[in-house]
Amino acid sequence: MRRDPQRSRLFTRRVAVLAGGKALLMAGIGMRLYDVQVRDSDRYALLAEDNRINLRLIVPPRGRILDRFGVPLAANRPDYRLLVTPDQTDDLSATLEALRAMVAISEDDERRVLREAERTHGVVPVTVCEDLAWDEVAEVEVNTPDLPGVLVEAGRRREYPFGVTVAHVTGYVAPVAESELTDDPLVRHPDFRIGKSGIEKQYDQALRGAAGASQVEVNAFGRVIRELDRDEGRAGDDVALALDIGLQAYAVNRFGAETGSAAVIDIATGGVLALATVPSYDPTQFTRGLSQSAWQDLVADKRGPLGNKAIAGQYPPGSTFKMVVALAALDSGVAGPGHGVFCPGQLRLGNATFRCWKKGGHGTLDMTQAIQQSCDVYFYDLARKLGIDRIAAMARRFGLGGPTGLDLPGEKPGLVPTAAWKEAVYGEPFHPGDTVVAGIGQGYMLATPLQLCLMAARIASGRMLVPHLARAGGEPAPDMGLVPEHVALVREGMNQVTNSQRGTAYRARISEPGLEMAGKTGTAQVRRLTQPERDRNLKLEDIPWEHRDHGLFVAYAPVAAPRYACAVVVEHGGSGSKAAAPIARDILYEAQRRNSARDPNAPATALLHSV
Amino acid sequence: MALRSFQNQKLGLGQKLGRMTWGLVLLLTLVAAVGSAMLYSAAGGSIRPWAMPQAVRFLVGLGVMLTVALVDVRVWRRWAYPLHGLSVVLLIAVDVMGEIGMGAQRWLDLWVIQIQPSELVKITLVLALARYFHGIVAEDMPRFWPIVPPMLLILAPVALVMKQPDLGTGTMLAVTGAVVFFVAGVRLRWFAAAAVLVLSALPIAWGFLHDYQQQRILTYLDPQRDPLGAGYHILQSKIALGSGGVFGKGYMGGTQAHLRFLPERHTDFIFTMLAEEFGIVGAVALLTLYALIIVYGYAIAFRSASPFGRILAVGMISVFFLYASINVAMVTGVVPVVGVPLPLVSYGGTSMLTLLFGFGLLASVNIHRDVPVPRRGFGPAEA
């Protein structure tokens, strides 16, 4: 070096430049670190939290559905599921083999578990089987130390303790369908069940509750490391119904093998005490997912177990409609209380002949007698004088021809025809003949059993009751504005239907003093009988089931101080007096015996135990 | 002759140990200790599987360094070409019969040990270039022909390494060569010419790149392009750095590293983990240790009497600087992810041994700083 000072200087210069360059680079890296670690630190800190913290929804327990005395109609049962986290177990197949000694695992289940384990890279728990029995849970829990990665998770399953008895009222829950997705993140949770029909659907929001959340720390593979925070959410509210499950069960059983429905309304409040539909289905099966064949069977059944006949079955009201015609006549002044009509057994109108159900005719009747004996000619006469629109107006005041406002989805409106309606639908005027048959609740007229029950309740109370299933206090229903004497007259007619020997339902009376009922029979033609059939005087058994008449009965009890209104429709059961009246009588007797309408908050009585 | 006896002068072992760079050994030990501590954290608080082997490797490497340091610098000059030749032969061997590993042929399995010739060649390249420029006379420097042989010394291994393909090491070798050219006093016009040549060759070179290498460069240019794919590493690394903030999340408290959002936390991204757990304070502290080592290296270069010693020292310290700066620039998203470890800290044996071998040469330069180094010939006495 001493020999080459020029080169030495060059070296020093170059090294200085190089060192300077390195220092600049270091400074650049330092500034970069400053930018990331100090200037943008907050943003990255947030991203780091996003990375590691997962918010998991907790499905709150769904509210129960209770009857008026607190008996659960829909509740949640603990459901134990067996899960295994594949990467926490040494040998998945061996673990499943060990589990097989304790719980039943099908080969399909095993294949599914192995497949899911592969798909999720083993870090996500896979469900092995569901709905474990308690002793199975206990056995697995005891052996946990020998079963790494296995865990038992407690979930909930909706169950309906009374099953078929109130299925059409409670409805059922099921997994959320695509069309039911909303902003509520809860509905996207795989464990969430949504109300699909009945009260479950009507009060879904209240029953649902509010979702809880669990903050968990997860690693890059999604495995939960620990729980950081937990908010249990709010359990769904219980929904208490006015319904008395004891009376409901009685009504359902009373139908036996018959098809039909019955409604019972508390006249004091409008609360629906029973809403029976026979036959029915088991809602618990729906929550588990119905098999294809079970579903096919339900759909194919001609007795229609899926339909809620009480609110969606529409039948011609037949003679049960006569009180409405009578009140329309009294109210409009077409006929006074003493109005008499001679019944020769038929009414001739132009070329047409309208028969009374009694071939020989009733002779001369006043209004009370006409109701008592259900004389058709009397009401043909009234209808002809009233015209359809005045009949229709009165029918609507009694809740016919439109939804009653019951808090249950799927209610049908029935049909109360008017001249304008017929013009609009058929393009024809309302013929006098149409009006005449409307006078006995036939022709275009349709009503649901609930509407008929409401009609009976309004006649019995004279007030604008509105039926409701959820127990609710509130104002007493307003008066209907009818003349009390007119209503009293109609009620006396109904009283005589059951309580006088000439009444059409005398044989279905309640004879126990103080519990007597008043009612009205009705028979709805399913198929108009031909003249030869009529002459042969066919017996019920000779007609095919589908062609038999529907038997109807509306009633209330006790006569002296009405509390319970009831309507019974027996599909293809024949006449109202033979098929429907005895069922209505027994239901109303049972309602009074049970004291169904008593204040549920009053001290329990021995009667409760008969539930 | 006086000159001859002067050239033959031998230092005793005591003298050598006295001139040993003990300060450098201390700094290196500190950095290695930081490395083992971070590996302990990376394993979730366990000396297995990384911290313990790494510490053992450092001790072995330290032994290698001291041994290399005690060998006369003239011996290293004498063996510079043969060693570099051996490296290039090994690179060819890797190409011919190398094992496939990590998607690239880099390792040579010699039954007893696995060696990575691309690491070895970083040392031998500097040695060979130092020897060449030591031997050249000042009058030859401005001319073109004298810089052709050293160009070949560089290009042969660069081409072989690039072919493996190992873009990161290839670039490092080229830059190392350029740095040695620069300090050796090669005229700046040759640098300018080389720059023009490289720039015009870039579009052609792009075509020769493997698909994943092109992806890496594109991802580097726009990290958001593919946040879950190739950009994931850089993004997660920046999140870890940024969330570490000024003072960090505490030792073994780095969520990004411990929940495995950070990839390769024990190797290429260990700096990120350190910065996440100790913040910018910890990061700057480690960089300061590196800076001190580099300053130490320059001091050794300036004290050396021979061009060979100076060039060797600056070259070695530049290799070290390149490792550190490329790794840190990579994890902070300044340069593409190229797979360069953080020197003495990242888990891995080959780079540790290579670097400590290099520091051994540096120490040897320091110990033999006054020894006259012959310009030509293979033996110290034959010049």
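In strand β19 of chain A, A:Cys566 is the bridge partner of A:Val264. This is a predicted model, in which local features need pLDDT of at least 70, side-chain atom pairs count only at pLDDT 80 or more, and totals for chains, interfaces and linings use all residues. Residues are numbered from 1 along each chain as its sequence is written, chains are lettered from A and ligands numbered from 1 in the order in which they are written, and side-chain values use heavy atoms, with hydrogens and water left out.

Strands β11 (residues 260-266) and β19 (residues 564-570) of chain A run antiparallel and are joined by seven bridges; two strands pair if DSSP finds at least two bridges between them. Helices (H or I, at least four residues) and strands (E, at least two) are DSSP runs, numbered from the N terminus.

Both strands belong to an open sheet of five strands in chain A, ordered β12-β11-β19-β18-β17 with antiparallel pairing. Because β12 (272-278) and β17 (518-524) of chain A each have a single partner strand, one side of each is left without a neighbour in the sheet.

Helix α19 (residues 449-461) of chain A packs on this sheet, touching β11, β12, β18 (550-557) and β19 of chain A; contact means heavy atoms within 4.5 Å. The direction of α19 makes about 150 degrees with that of β19(A), where axes are lines fitted to C-alpha atoms, for helices over the stretch in contact, and angles run from 0 to 180 degrees between N-to-C directions. Helix α20 (residues 484-499) of chain A lies across β17 and β18 of chain A, at about 80 degrees to β17(A).

Chain B contains 15 helices and three strands.
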